[in-house]
Amino acid sequence: MSGETDHSMEARTAQGDELEPPASFVEQANVTDPGIYDEFAENWPECWEQAADLLDWDSDYDTVLDDSNPPFYEWFTGGELNASYNAVDRHLDERGDETAIEWIGEPTDEANRSYTYRELHREVNEAAAALRDLGVGEDDVVTMYMPMVPELPIAMLACARIGAPHSVVFAGFSADALATRMNAADSEYLVTCDGYYRRGDALEHKAKADDGLASVDHDVTSVVVDRLGDDYDHPMRDDDVDYDALVDEHTGADVDPVSRDAEDMLFLMYTSGTTGEPKGVKHTTGGYLSWVTWTSQAVLDVKPEDTYWCSADIGWITGHSYIVYGPLSLGTTTVMYEGTPDYPDKDRMWEIVDEYETTQLYTAPTAIRAFMKWGEQYPAEHDLSSLRLLGTVGEPINPKAWKWYYEHVGGEDCPVVDTWWQTETGGMMITTLPGVGEMKPGAAGPPLPGLDVNVVDGSGQPVDAGDAGYLTVDRPWPGMLRTLYQNDERYVQEYWAEYSDTDSDDPDDWTYFPEDGAKIDDDGYITVLGRVDDVINVSGHRLGTMEIESAIVGVEGVAEAAVVGGNHPVKGEAVHAFVITEDHADGGEELRERIIQGVEDAIGPIARPESVVFTPELPKTRSGKIMRRLLEDIANGDDLGTTSTLRNPDVVDDIQAAVEGE
Ligand code: WT7
């Protein structure tokens, strides 16, 4: 380029679509040495001692990686530690009076609750004493069905302190979903909440919890947090215990953190898969905690003096890893916001960044698309200059949304990390290191150092740059899930069978398959294209089509159903249901409403179908498989291409007529 150089972002991204991280960021970044990639590759798996070294261990581990029984890998074996000690106690000397959790309720006329590390330590000890008093012992699974209230991370850390794994169920899930998870985990304890605020209204939650408990096949003791006070006089069952009253009985109590084996379970998290039954992903104390702590430091650039904000819900893995365990282990201030980004107005997020001088913001593409729709005037009204880094997670982000975030939130002065990972990976896997690599809007980046990630074809051979293929992870990593709870067989089947020689004892013959499609460019940057299994991603929330279909088939009058994800401008994907009624006729408005209600009851409002199309038949291949691809094209209004492989090609016209008539 001759003459005056155009430094505008448009010009820079147009030139090969690459952006250097801002110099002001690099100067102070936690990781700046590009040599880290070679260093970790050459020194694998010992490189991961660097992650373990960020933690305090009660006793040292003997082995970094035990890969003698793939795919049941073990990390930091022989080591002992406690997650609550690492997230809280060890910061008391230096940071006892600094804020650990800055909790912001949705109502603006209510005082926020902020906890210093010393206060958090008190709360966690008392909650741990209270849970123990109820009978919770080491290895008992405690379920939490709670919205974004401070008692949620406190209860999680209290469990970690006494060695009781938690299983947090997203508060937006239905009563049925709660019951399924409590039954699957044999969980005899529940911590729940009376309700919470959403867009100014007090929403009751306790009734949903009680409904769920009615379907749990064993006795449950439940502890109820009072969030709404006088706004909601919640009923208590005979077995319910009031959280505050219970904790008050233990004022001043100290509970020694239990030394847990590195491989002991820290928590379970249920997530959706191809079949109707949710998968209980098991994460461990040593490997998981090392992973989220190291990635918080290396990727989110968290420093103790930061006010770091991840806007996810703790009911999902993002909140576990990057609101609670990662940031607190580093002794920083973590922000927790109860409500929605558009209450009382569409600038709430920016108001919070401005008021609390937030240094990082980690959010989801679906939120960014909503901000874009609302308009740049909302962030522009606030001083966002405290921000140093932006992150996104949960689904692919297109270059347009990426650039909007970079420009209107980051002021072109903050690196954006597009982080690919999953519930199963525990923490981030593919992303640029913000102080090292250039950014390419739309591509997550290279795999993190020490990871062996590839994009392959159906037979496991690497695809050429630019071609679509499947993502694989060819070496274990500390944060990986260890198994599916009490179901080793399904663990092997779901994640390893596709690309591994499952008879082999040689770890080189084992490959993890995340079930995502991807492409890779000449620089090794990976663009993740989305799920290749029957999982759809609605606003960054992972839903199984089978779960939704079985909910629909459970509705009286329905004979068969197929659910697909269609494109949606804000949610990313939306649920579209194609339904055959028992009399093969149009079910009408009444049945449509019962179907929608059926899905909300079985899973929750997030799974609510955007459209319900009644059709006399579903498109099937000659072997009888539903052609989902075709239904997706119909949902998206796309060109259908060839339908000659169908057993019943005429059905396509019928369905299209039904879609148009809807
Ligand atoms: C699925 C995992 C990671 C925590 C939140 C979701 C999709 C996640 C990205 C990204 C493209 C992404 C994948 C993945 N996904 N991050 N940066 N770019 N896709 O966790 O509920 O386990 O869902 O989310 O499809 O498999 P999850």
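These legends accompany close-up views of a predicted model.

**View 1. Residues around the ligand.** The shell around the ligand holds 17 residues. Nearest to the ligand are Asp418, Thr419, Thr423, Asp516 and Arg542. By class, this shell has six nonpolar, six polar and five charged residues.

View 2. A ligand nitrogen lies 2.8 Å from an N or O atom in the side chain of Asp418. Asp418 is also among the residues that come nearest to the ligand. Backbone atoms take part as well. A polar backbone atom of Gly394 is 3.1 Å from a ligand nitrogen. For Pro396, the distance from a polar backbone atom to a nitrogen of the ligand is 3.5 Å.

**View 3. Cover of the ligand and the elements that line it.** On its own, the ligand has 550 Å² of accessible area, and the protein covers 96% of it.

**View 4. Helices H21 and H22 where they cross.** H21 spans residues 628-636 and H22 spans residues 651-661. Their axes come within 10 Å and cross at roughly 30°. The crossing is right-handed.

**View 5. Side by side: the residues in the contact of H21 with H22.** H21 contributes Leu630, Leu631 and Ile634. From H22 come Val652, Ile655, Gln656 and Val659. By class, the contact has six nonpolar residues, one polar residue and no charged residues. The shell around the ligand, by contrast, includes five charged residues.

Key
Residues numbered from 1 in each chain as written. Predicted model: local features only at pLDDT ≥ 70, side-chain atom pairs only at ≥ 80, totals over all residues. Heavy atoms only, no water. Axes fitted to C-alpha atoms, helices over the stretch in contact; angles between N-to-C directions. Helix = DSSP H or I, 4+ residues; strand = E, 2+ residues; numbered from the N terminus. Left-handed = near helix turned anticlockwise from the far one by under 90°. Contact = heavy atoms within 4.5 Å. Nonpolar A, V, L, I, M, F, W, Y, C, P; charged D, E, K, R; others polar. Near = heavy atom within 4 Å. Polar contact = N/O pair within 3.5 Å; in protein donor to acceptor, adjacent residues only side chain to side chain. Areas by Shrake-Rupley, 256 points an atom, 1.4 Å probe, with all protein chains shown as cover.
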